[in-house]
Amino acid sequence: AVIVTHMHGDHCQEAPHLREKWNAKLWTLDRVVPLCEHPERFDYSAPINTYGKPFQSIQFDRILRDGETFEWEGFTFTADWMPGQTEFALCLHGDIDGRKVAFTGDNLFASTTDSRQTGHEAVVARNSCILEESYLYAADYLHGLAPDLILGGHSWVLDQPRNLIERYRQGALDLRAAFQALSPLDDYRYFFDPYWVRAYPYRLPVKPGAASPCQLIVRNFRNRPQRHAISIVAPPGLSAQPARIEGEVADESIARFPFQLVATRDIRPGPHLVAFDITLDGQQLGQLFDMIALVEGPSP
């Protein structure tokens with residue numbers, strides 16, 4: 001079996017080759033599956049369809065659940081959801097030669113022998129890595145797991161990483177304090193997270209003269225309800241129904257609002273950018289987010 005630990009293309013672009021050449025079975029965690037099966041529906045960094053390979057999707061032979069344990073070649077492993085660099089990742093761990101070994105993918109970049117390194121050399125907001133749900137979660141998880149050996153991606157083999165894990169947690173706390181100091185809003189996540197308003201699918205196929213359904217997903221990070229008014233700003237040839245979505249999202253929750261894009265019959269084929277103009281609790285923030293309408297056209 002080949003375990004895909006991460007949604008990024010550099011961690012799974014050779015998986016179809018291993019399946020074809022060696023009849024390998026491809027496994028991954030349930031949270032990773034949508035990003036590999038339909039990367040075009042999302043707007044994240046480094047998906048599998050951006051690495052120059054001829055495939056646009058990966059289908060899996062086995063889907064693991066958070067905490068699922070399995071046997072392989074005489075070893076027992078457990079697959080846990082462990083975010084970090086991105087929320088779509090896992091930690092695979094088990095005992096090997098009497099040592100607890102954790103395979104963590106890209107979620108930790110550091111040397112155990114350099115006290116200046118905290119493991120946060122790859123913080124990218126567009127990976128979907130809100131600190132409370134990524135690096136801080138990972139630090140608490142690894143503290144509890146207490147591995148003797150960490151095997152990360154693009155990194156060293158990390159022997160006796162206990163002190164590094166503590167630096168990793170403190171580094172995430174320092175990052176959060178810095179982001180909050182820079183944020184013009186009361187919660188840094190509205191400033192840092194590019195997905196608290198997003199369309200699903202992000203790339204929406206559209207036929208000329210037809211209506212295409214979509215969803216607007218709105219997240220509330222606060223511990224109180226929030227109100228929003230979101231204007232859907234479409235280019236010529238497209239209109240949104242409704243053109244403005246107003247509503248309330250309960251505290252610390254996510255709400256979905258349906259809408260559709262309607263195309264004229266004479267719209268130009270190709271990609272069209274649709275923007276979302278955000279007003280949050282009466283404060284206009286502007287066109288912070290977008291989606292792409294892919295208008296079908298005649299085959300060349």
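Visitor: In the predicted model, in which loop does Glu-252 lie, and is Glu-252 buried or exposed?
Guide: This is a predicted model, in which local features need pLDDT of at least 70, side-chain atom pairs count only at pLDDT 80 or more, and totals for chains, interfaces and linings use all residues. Residues are numbered from 1 along each chain as its sequence is written, and side-chain values use heavy atoms, with hydrogens and water left out. Glu-252 lies in the loop between S15 and strand S16 (253-263), strands (E, at least two residues) and helices (H or I, at least four) being DSSP runs numbered from the N terminus. Buried means under 20% relative accessible area, exposed over 50% and partly exposed in between, with a 1.4 Å probe and protein chains only, so at 57% Glu-252 counts as exposed.

Visitor: What is the phi of Glu-252?
Guide: Most residues other than glycine have a negative phi. Glu-252 has a positive value, near 50°.

Visitor: What is the relative accessibility of Asp-97, whose phi is near 55°?
Guide: The phi of Asp-97 is positive although the residue is not glycine. Asp-97 is found in the loop between strand S6 (90-96) and strand S7 (99-105). Asp-97 counts as exposed, its relative accessibility being 74%.

Visitor: Which strands stand at the edges of the open sheet of five strands?
Guide: The order is S11-S18-S17-S13-S15, with mixed pairing; two strands pair if DSSP finds at least two bridges between them. Each edge strand has a single partner strand, so one side of each is left without a neighbour in the sheet. The edge strands are S11 (203-206) and S15 (244-249).

Visitor: How are helices H3 and H4 oriented to each other?
Guide: The axes of H3 (residues 135-145) and H4 (residues 162-182) come within 9 Å and cross at roughly 160°. Axes are lines fitted to C-alpha atoms, for helices over the stretch in contact, and angles run from 0 to 180 degrees between N-to-C directions. Angles under 35 degrees count as roughly parallel, over 145 as roughly antiparallel, 65 to 115 as roughly perpendicular and the rest as oblique. H3 and H4 are therefore roughly antiparallel.
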